[in-house]
Amino acid sequence: MTSASGSRRGGVGWSTQATARDVAALANVSAQTVSRVANGAENVSPETRARVLEAMAKVGYTPNGAARALRSGRSDMIGIVVHHLTRTGEANIVQAVATTAHDRGYAVTLMDASTGAASDLNEALARIGPGVAGVVVLGLETSDVDRLKAPGRLPVVVADSRSLAHPAVGFDQRGGAQQAVGHLLGLGHACVHMLAGPQSSLQSRLREHAWREFLTAAGRPVPPVLRGDWSPASGYAAGQVLAADREVTAIFVANDEMAAGLMRAFHEAGRRIPDEVSVVGFDDVLAEYLWPPLTTVRQDFSAVGDGLVRLLLQRIGSPVADPDPVSTVVPAHLVIRASSGPPPGHR
């Protein structure tokens, strides 16, 4: 038994030589529609796109990216430049970028930069530039953002909450930290301590600055900041220090993983959460499964990744760069769980 184009072998399955016509016949669409889906075009309904993608998977059809690039002058590959893939935030954004890119007919390729400095990111951009349609830059940890240079006219978007010389999509770090501190003060705590991330991290500095700014504006004391390296182990070490201070009743932790280690230290010290001390984290990646479940600021990594790809595809489709780059900030949302409550004596 054969298909309309003769790609069927003995009724067993589709061969590796399946063509766009095979996909079109199975999905009951035109070959032009298959081409539009393969090229990530916008003018295809979601239902039709899903049907075509399902047919592609069923027949084992893979668009010839090299031939397509020669015909159209464009690649079907999106580059991602990272420098801290082990971080929860970057790993989740990479996953979201890859998912949205795949839905739009693009594959992704990763390039590592040794640091978040503009010079190292520029070197990574130069290496990844040939052969990709555009690049998403993650982990820009530097203030000299104007030094970020894309080779030629390569479209570039940046995962960042600041207004930059390049289009950007980022999470509201400042607003998230303010919600966390405001929540703890609103419960009646006189002071909020902070376990921050590393000084080298832009995200950590933004959260720490917002914490300090909010306490100052509220007329509250600003205690010395403790600093970790995002790991549970560093949270545990800081937790041992804080648990020994009976004056500590509220702690804002710059990520959930450090909060997990800190909470263990308090448990071992016999300090009850939230009866004696309240803890609020940041990220919402494992907070629901800690004990007690952790109040935390939810980062919508999917929204950031999806926004980055959509913005990049707009740049890819436009022959002229926007003189006023778009900067999109994904809003913060505090998820209140059982780890936060009024201080002792206010219950």
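Let's begin with helix α5 (residues 88–103): its 16 residues should span 22 Å at 1.5 Å a residue, and because its end C-alpha atoms are 23 Å apart, the two values agree. The expected span here is 1.5 Å times one less than the number of residues. This is a predicted model, in which local features need pLDDT of at least 70 and side-chain atom pairs count only at pLDDT 80 or more, while totals for chains, interfaces and linings use all residues. Residues are numbered from 1 along each chain as its sequence is written, and side-chain values use heavy atoms, with hydrogens and water left out.

**The chain as a whole**

- The chain holds eleven helices and 14 strands; helices (H or I, at least four residues) and strands (E, at least two) are DSSP runs, numbered from the N terminus.
- Of its 347 residues, 50% count as buried, where buried means under 20% relative accessible area, exposed over 50%, and partly exposed in between (1.4 Å probe, protein chains only).
- Take the contacts between residues at least 6 apart in sequence: 69% of them join residues at least 24 apart. Contact means heavy atoms within 4.5 Å.

- The buried residues of α5 are T88, G89, E90, I93, V94, A96, V97, T100 and A101.
- What covers these buried residues includes the strands β3 (77–82), β4 (107–112) and β5 (134–137), together with the helices α10 (256–268) and α11 (301–317).
- Just after α5 comes G105, with a positive phi of about 85°.
- R87 counts as buried, at 14% relative accessibility.
- From R87 to G139 there are 52 residues in sequence, and their C-alpha atoms are 9.7 Å apart in space.

**How α5 packs on α11**

- The axes of α5 and α11 are 8 Å apart and the helices pack at an angle of about 50°. Axes are lines fitted to C-alpha atoms, for helices over the stretch in contact, and angles run from 0 to 180 degrees between N-to-C directions.
- That angle makes α5 oblique to α11; under 35 degrees counts as roughly parallel, over 145 as roughly antiparallel, 65 to 115 as roughly perpendicular and the rest as oblique.
- The crossing of α5 with α11 is right-handed. A crossing is right-handed if the near helix is turned clockwise from the far one by less than a right angle, and left-handed if anticlockwise.
- From α5, the contact is made by G89, N92, I93, A96, V97, T100 and A101, and from α11 by F301, S302, V304, G305, D306, L308 and V309.
- These contact residues divide into eight nonpolar, five polar and one charged. Ala, Val, Leu, Ile, Met, Phe, Trp, Tyr, Cys and Pro count as nonpolar, Asp, Glu, Lys and Arg as charged, and the others, Gly among them, as polar.

**How α1 packs on α3**

- Helix α1 (residues 20–27) and helix α3 (residues 46–59) have axes that come within 9 Å and cross at roughly 125°.
- That makes α1 oblique to α3, and α1 passes α3 in a right-handed crossing.
- V23, L26 and A27 of α1 meet R51, V52, A55, M56, K58 and V59 of α3.
- By class, this contact of α1 with α3 has seven nonpolar, no polar and two charged residues.

**Cis peptide bonds**

- I273 and P274 are joined by a cis peptide bond, with omega about 5°; P274 has its place in the loop between α10 and β11 (278–283).
- From W291 to P292 the peptide bond is cis, with omega near -5°, and P292 lies in the loop between β11 and β12 (295–298).

**Loop residues worth a look**

- W230 is a residue other than glycine with a positive phi, near 80°. W230 lies in the loop between β9 (226–227) and α9 (232–243), and is buried, with a relative accessible area of 13%.
- D284, also a residue other than glycine, has a positive phi near 65°. D284 is found in the loop between β11 and β12 and is buried at a relative accessible area of 18%.
- R147, in the loop between β5 and β6 (156–159), is partly exposed, with a relative accessible area of 45%.
- Leaving aside neighbours within four places in sequence, R147 is in contact with A118, S119 and N122.
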